[in-house]
Each structure stands twice: as C-alpha cells, then as structure tokens.
Amino acid sequence: MNFNPFTAKFDFNGKNLIEASAGTDKTYSIAAIYLRLLIEKKLNPANILAVTFTIDAAEELKERIRKIIITSYKFLMGEINETELTDSSLKQYLESIPRNESLLRLKEAMLLFDEASIYTIHKFCKRVLSENPIDTNATFEQDFSSDDKDFLIDTLYHLYRQWLYKEDFIIISYFLKKYTDQKLINLINSYFFSINSIIIPPKDVIIDEIKDLHSEVIDFFYQLKNNYNKPAKYKDEFFAQENTLINDFGNFKVSNKIMEAYPDFAEKYQLLCSKIEQHIENNIFNSLEELEKQLNIQKVKKNLLTFTDMIRNVYLAIKNHTFNPKKYGELQALLIDEFQDTDFLQVFIFEKIFEDKTAFFIGDPKQSIYRFRGADLNAYFYATDKVEKKNRFRLTTCYRSTKNLIDNFNKIFSQNNFFQDSKISYEKINVPSLQKLHIVTGDKTKDLCIYLKDVTNKSGILDDVISEINYLLKNAQIKEIVNGCETVRKITPSDIAIIVPSNMDAEDIRAHFSKYGIKTVLNSTKSVFETDEAKELYLLFDALENYSSNVKVQTALLTKIFNKKINELSEETISHYKEKFSEYSKLLTKKGIIPLFLHLFKEEKTKINILKETGGERIFTNYMHILELLQNASRYENLTIENIKKWLSARMTGSVKESEDYELRLESDQNAVKITTIHKSKGLEYPVVFLLFFNYSYSEKYEDFFFTEFDATKGQHVITSKSLASTFAGLEEDIAEKARLFYVSLTRAKGRCYLFDYKTKGYKYLDTFLYGAAIGEKLNFETKISNLTNLLQDTAIIKVIQDESKEIAFQTIYQESLDLKFNEFQGEIKRDYQLSSYSAITHGKSDELTDLFDDEYLEEVLFNELDIKSKTELPPGAKTGNMIHQILETIPYDISDKELKSVIEEFIRNYGFDNNAYNYTFNMVKSLLNKPIIIDGKQFYLKNLSTINKINEFEFYIPIKNLNDFLSSVHNLFLSKGEKDFAEQIKTLINGKFDFKHYLRGFIDLVFEYNGKFYIIDWKTNYLGDNLSDYSLENIKDEIAKNHYYLQILLYQLALYKYLKQLNNKNFKLGEVFYIFTRGFDPSKNLGIFRYRFSEEELDAIE
C-alpha cells in the first residue's frame, strides 16, 4: 500500500516514525506533515521545530515548506484552478478540509513564516545557548569553529608528553608508529558522543615484563639469523632490521612468510606486541577524563566553541538540571530529518524538550553511513523502539529509479540478513504509475549491468569503463517526463557519475581519464591542500621571500604558474625574474594576496596557458581556491610571506584539520563526467551510475583499537579495548556499515547502474553482498556468475569482460570504418580581413581569440573576497551574467509565476548558486517582465511581447575597411551630438594595431518590433551597489562611459539598420536602444534604464 502523507493516520499528540527508503521523496512528506500540523493541530511556524543535518538541506526543506503553504493558500483562494494544481494528493486533501478556517491558518503561517524554526541541529543548539547563557554556562561573543582537532592534538601531545617522558623507548617507538592522531581522536569523539559512559581499560602490564619479552624476541631473532636456511630474498628483507628491532621496535616488520615459517617466533613476537598495546591502552583509557578537562580549559581560554560543543553543552545543561527544557514550551512539534545520522546526545536533547509533545522521526537506517562523524545507529533504534507500532510508517514508492532497477534492488537487498543487522529490515520498493526517466539504447534493455573481469589490478577495468561510457554517448538517449510532457535527448557526459569508496580512487580514475582527454569533475572530500597547486604556490611564496636565490626563483619558474621549460631558463631570464619577484614581493606587502595574483596571472598569461591544457579548469580552480582561503585568513592575522608559508605548510602536512572550506571545489561540470565518493553522493541522484572499486575487506591495520557497545537496558555506553571485546566485534560492525554503503551507492542511479568487479586477493565484502558468499569465503568467477544469475535471473546484464579491448584508444572507439578521401582545395582564401569584436576593440586587441580569456573570473573572485564584498544574494561576476542572460533567452515572456519559479530553480541549481539567490533572481526577472517602459508615450510591457515579434541573441557581422577611420568618424559623430565625454573616450581606442580591414562580430541580446518600430535591449547585470538608488541615470552613464558601452550601442543599432536595409523594406523605422541594468530596474523612477537612439542619417554617415 502506497504511503500518502495527507491521509496517513499520524498521532499528532505522540511520537511517529517514518522510514524513508532511497528515492522516496521524503522531503515532500515532511512538507506535507508540516502543512497538516498548521491546519489540523492549529500550530503556527514558531511552534514547529524542523531539524536536518546540513545547511543546504535546511534551506531546501524551508523552501519546499514555504512553497506548499503558498500553493495551498492560492488553491483555496481560487487563484490556482484544479488543472493547474497537478499534485492530486494535495488537491484531494485541500478539498477535504474546512476552507475558511484553513485559509486563516495558512495566511497566518505565511505572515509568520520568517519565524519558522527550520534549522540544522547545530544552529538550534546555538540558539539554546545564546538564549540561555547563564543556564547553559555559555560565555558572550564566543568564536565558533567547525572543528576542534587543533585543540585536541595540542592537548593530546601535552598529556602524552608527560606520560611518555617516563616510558621506555620500546613503548615510545611502538606508540608513535601504531597509534596515529586520527585513531586517538576517534576514541575521544566516541567518548564525547556517548552517554553515561563506562570505560573499561585493559589490565596494565608492568614495564619489566615488556622488557623481558623484548629481550626474548631479540634472542630468538639471533637464533633465526644464525640458523636461517631460507632463500636469500627473505633473509634480506627480514634480517636487515636488526638495529630496528633493538632500537626502534615500532618500525620492526615481520612478513607473513616469516610468521608461517617460524610459528614459535611469531607467537613470541605477537605476545610482545599485545603486552605493549595493553600497557599503552591502559594509559590512554585512564587519561580520557583528564583529557576532556584539559581540552575544556583550553577552549575557555580561547573563548571558542565548536559544533560538537554546542550539542554537548546543551546536553550537559539538561542532564545536570541547570537548564530546564520546558522553557521551550512554545515548541509543540518536532520534525527531525535524517534521523539515522543522530547520536545519543541529540536524542537526549530532543527527548527532553519534546517529552510529551508531537514528534516525527524521519530517516532510514539502511543509509546510516556517517559513523566516522559521530552518527550512532544505536541512538536511532534506542529512540524509535519507543514508538508504538501503529505510529510507524514506511515510504515504499521510489520516484527516482526505473522499474528494472527497482526490481533488481528488491532482489539484492531482500537477501537474508543483507544488512548484517537484525534490526534493519528491507521492505520491497514499489514503482510509481508514471516513470520519470528511462535510458534507451539499441541493444540493451536492462538497467543493471554487472561486469566481471579477470584482472587483479583495479586500473585494468578503467578502459572498459571508458568504452561503455563512449557507447552510451554514441547510442543512448534519455526519455524524461518534464511538466507532464515527454522529452527525448541524447546522453551527455554530465549525466554520468562514477561513484567510488575513497578520494584516492577518485584521483586514480581522474588521472586515467585525463590521458584520453576525457573531461571529469571531481566531488570528493579531498583537501585542496593535497594538490600539486598547493605545493606550487608554496614554492612561489618561498621564491618571493628569497628572490635573490637563483635556485628558488628557478624552481618557481618551472611551476604551471609561469610555464617555463628548463632550457628557457638562461642566466639572463633568471636575473630578469629575480627583479620581477622583488617587485611582486613588494606588491604583496603593499596590496595583499588577491591584487598580487590578479596582476601576476595577467602579466604571465597564467590563466590563458593553463586553460589550454587538459584539466586546466581544475588546476586554475585550485589556485584560486587556495588564494581565496589565504585572502580570508589575512583578514584575521598578519600574513607576512613567512607566515603565509607556515600557514600553507600546516595545512599541506595535515597538522591543521581540514574544514569543509578546504574541500576541492567543483569546476564547471558542463560536458564532464562526475566522479564522487560514496559519502559525497548521499542525497544525490544521477541518470547513469558507475560503481567502481567496491573492494572493502576487513583489515585491523586501518581500524580503531577500541570498541563501543551500547547497553540498551542500562542506557549507557561501554568503551573498551578491542583486546577485551568479542573476536568478531570489529568485523561485524564493519561489514554492516559497508552493506549500508553498498545500498547508498546503487540507489543513486535513476536510469542505469553499472557495477564493475575484478579479482582481488582473498575475501571481500562484495562477495557476500552480491554473490551470496559466507563471511570470509572467497569465490571464483564461475561461482559468482552462477549465484548472481540465480539471484537476479533475467532482470540484469551479467557477463565476464574479455581483455581484447584493452589497447583500444578512447578517441577511436566506435569510429566507422570508411574509405575516406579528401578533395584538393582550388579556391583562394582572402586574408585581408581580421575577425574582431566590440570587446576586442575596447581592450585594445586585434583579434577575438584573446578575448575568450579575459579577467572576468579573476575580477569576480577579487570582488567577492576583498573588503568591498556586496550584500546582494546574487554575487557579481561572469557566472551571474551568463545565468541571467540564459534565463531571458530561454523563457517565453508571458510565462506564469509557477513556470518561472520552476525554470529559475533549475538554473540556480545548475549554476551552483545557493538558495538565497533564488528569490532575488525570481523577483529580478519578474520585475523585468512586468514593469512598464514608456515608449512613444505609451506603457510597454515585455510580458506582452510575442515570440514572433522578437529575436534573442541577434548575431551580426559588420565589415569595416579601416577600423581607425571608423573610430574617427564615431568620434566626430559623438562630438556633433554634444557627447564630449563619449567622444574623448573614443579617442583612447584609436591605435596603430587597427590599420587593416575588420569584420566586427557580435550578438544583440534582444531585438523586437513594437508599433512598427524596431528596438534593441541589452541586459546588463553590472553591480553598481546594493540599493536601487545606486542605479540612477547619472551612475549608469558613468558605467557606460567606463566600459565603452556607447560604442556598443552604436554598433548594435548600426548592425540592425544595415540588416533591415538589406531586406529592401523602405518603411521600417528604428526605435531606441535600451540598456537595462537588471539589478536596479524601476523605469517609473527612471532607475536601471538608459535609452539612446541614432537617426538613420547619422548611421548612413557612419557607413
């Protein structure tokens, strides 16, 4: 039975659980429940707390809720008729409720929506702390940080220095090698996120016992060395470690072959390691409380609060009864999204605040994959076990994937105990009546494709992946249902996502694809400071600090920033750059980081050179990302060149924890294959998914040394060493989490999903998830295919790939084998004309090619990152301009508000702007279409302009025999019209470069006919200020003069005039040219609009 949030019998006075499988549109259900709370429980937005886990998710949820409230109000008011409201479930609900009373509730909700409590968990806790500083022991004006790793490391080192100072070198060496910072931090976070924790340390081992064992191992080593009769290669790799065994035991390595050959030695060695670990872990576990105390002292001194602290401090205030959660009595209902990603502290907080109130827990335990961030699935079950059975609901209709994919998912995930957790059950997913997307190919009718290849190196499958991608791009189409209409289009690279477990896997694929010129865009948690660009910037700053050093300057010149070759670096060249580096160093000190690199990149043509290369956009994005972070850091600390180097070094070496700001930014994803990690793909969907390298297998080497269990009967956590826990405790927990990762990976696919598998040494979890192997059982390919065929039967493509296509190059795949011949050219190419443009003229350039690589991107970064940052929701820059122009080119001008919102939502998403830009853009475009322009004394509305009376992006070419002569005549024309400022600006453009014939090429944004006259509109998204008054006629004229737009106006009207004359229509009349500044358009106040016109006689004279 399909779940309908409008008819479901919720308990609006108790607790409800909604388990939402992947692709079931739970956000829609949350918005529907919010609407019902407003109407049926008679709450207002301030009474409902809606919580999710990321800022983007909170913004999306807020917008969905706002939209459903407004739509419902308009429907009940009669402003939207039954045919316009396509959501039948919402329509039926609205028709079933009392109209007048509901209208009052919805009108109140719209008026009070700014008070809506729709937050991330951290923002809600921050609110509690700021509103109750005394009760929660919060200080005023605290600094906030997303992470406290720096403080953790400092405190750890301080405590462990005190302890290790007294220890034997054996302990110190072993500790430094085996107990990484991250493992220690994982333990601390587990302790911090636990409730009523009981710490059970292993029994201590006295140091004398460890020393005696160490001596025995050394004696055994010498016995082996003196009596060793194995092949020399094993002898070399083992006995060369004599000094390491004695003086640096932590780095002593024993191969599996030695272990197998000498089990007595192996037993003694492993016993020594075990005793050392017991001693170390006893000290670590016993120091946790002191560590927490010292860490809090450090944060108080710095007046710092992290996201973790916000939650923990609210939890402690409630637990210690210093804060009464009943203070938030106005909060009557809770909607908590992604509930599987909570921890016990959050559960405790919400339990106390909403103890006798309405609550909806929305989540999916099958998608709990953030254990490394503190998410605890035990907390989910602890809270949801208390929900009555009648109040448990499941979303079981998948609106994301095709029927064939859903059928396969049901077969795979319905296997007995697939999720390795008795508390997680899988209910088969239903298919909606209308499928929104299909992938259509000539010979492949199944949407799940599992390919196996007999190779042991994972890179051995990448050529096959490329081959399959190329096949899709050549043969496949996507059929989609958009606004009720079916559309068919070819698959593009941006429809394809490759999902992998780790950042390293993503980098490997990117590198392999780049060899074939395949554009990719990387979405991973890798830090920008792990890139080559960070190293190169460090080398450049080092050279700027030491510009008298030949070696350092030469090293900097070999980076991609300068693109020099070693044979180009003569003594003269190096001497020249030593002087330039001295100037750059002074510019850095005087002007700052961004101004220096704007100048340097332009002077060295860095952007031009980099963008010509494969992967150039990624490289340049990395440079600008790092420079932006440096610019931001320079606002808070004095960054001399020496300090810049230290700042970079700390982040490159990982001694400073990466924040989300450090994660690699996405370059443009237009025509690029996406590569993403599993964790980053959560919550996203793609038409085509390739799942690669899912080769997880259990390895204690990378696992934590502790184990955390939750005792539900006592309501407390037990933290102990793995040496004291169950032998299989770590394995069971690990394989369960990897099963959830596998579920998340497959369910990202909308239309088609590929899984590539290859041979690995030993058992891997995929053998259990997909092929039915017992845990630890290794299967051969024949058994895998047999088991898989029995499981999926005929609903998937299953095959073994042969190695025959390995040497086929990407560029030649699927090329038709044709006997091609060329014809010899017999004509004559005239080369006396140069192609040019308005932009090329105004930049003093003789050709248009260089205009492709202008400084708009750099100017955008400079504008956004320096202190002149604007307050507007839509940032200045080329990207904004491109988006607004594309919207105005795409839409019909009589478009409805509903359709316009849908279009703008898509553009905002595709261009990567945040939700704040949505309302700003919608209001801007709506204003352009609906505000009247006075033409010949009459009000003219763009919304009334029909398609047949307008041309978007009117392209033109104007032949000019001598550009300097042309500019001189334009200069005289503006003088005759009394435009002295414009005329003087024209003189600055005349130069010797233009003494030859030109074809001036350009595009006019909009040409339209109105009452027998032909008009021109050019859209300008220039940022002149945050206020409407900044777009006065005076300010606009200054902007037009500064950017030579007056010349553009002339060229546009001249082009239109020449075109109309060619049509032999003697009755046409020219109207005005309108320059509309979209950010400040209000023609009734003469704001945001500039109008100009040349007469036909003036244009004839120019010709």
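**Annotated binding residues and aromatic pairs**

D1018 is buried, with a relative accessible area of 3%, where buried means under 20% relative accessible area, exposed over 50% and partly exposed in between (1.4 Å probe, protein chains only). The model is predicted, so local features need pLDDT of at least 70 and side-chain atom pairs count only at pLDDT 80 or more, whereas totals for chains, interfaces and linings use all residues. Residues are numbered from 1 along each chain as its sequence is written, and side-chain values use heavy atoms, with hydrogens and water left out.

UniProt, in an unreviewed entry, places the feature "binding site" at H885, D1005 and D1018; such annotations may be inferred rather than shown by experiment. These residues span 134 residues in sequence, yet no two of their C-alpha atoms are more than 9.5 Å apart, so they gather at one spot. Leaving aside neighbours within four places in sequence, D1018 is in contact (heavy atoms within 4.5 Å) with residues including D1005, Q1048 and Y1075, while H885, under the same exclusion, is in contact with D1005 and W1019. H885 is also buried, with a relative accessible area of 19%.

A search of the whole structure finds 69 aromatic pairs, in which rings of Phe, Tyr and Trp (its six-membered ring) have centres within 6.5 Å, and planes under 30 degrees apart count as stacked, over 60 as edge-to-face and the rest as tilted. The rings of F413 and Y743 have their centres 4.9 Å apart and their planes at 70°, so this pair is edge-to-face. Both F413 and Y743 are buried.
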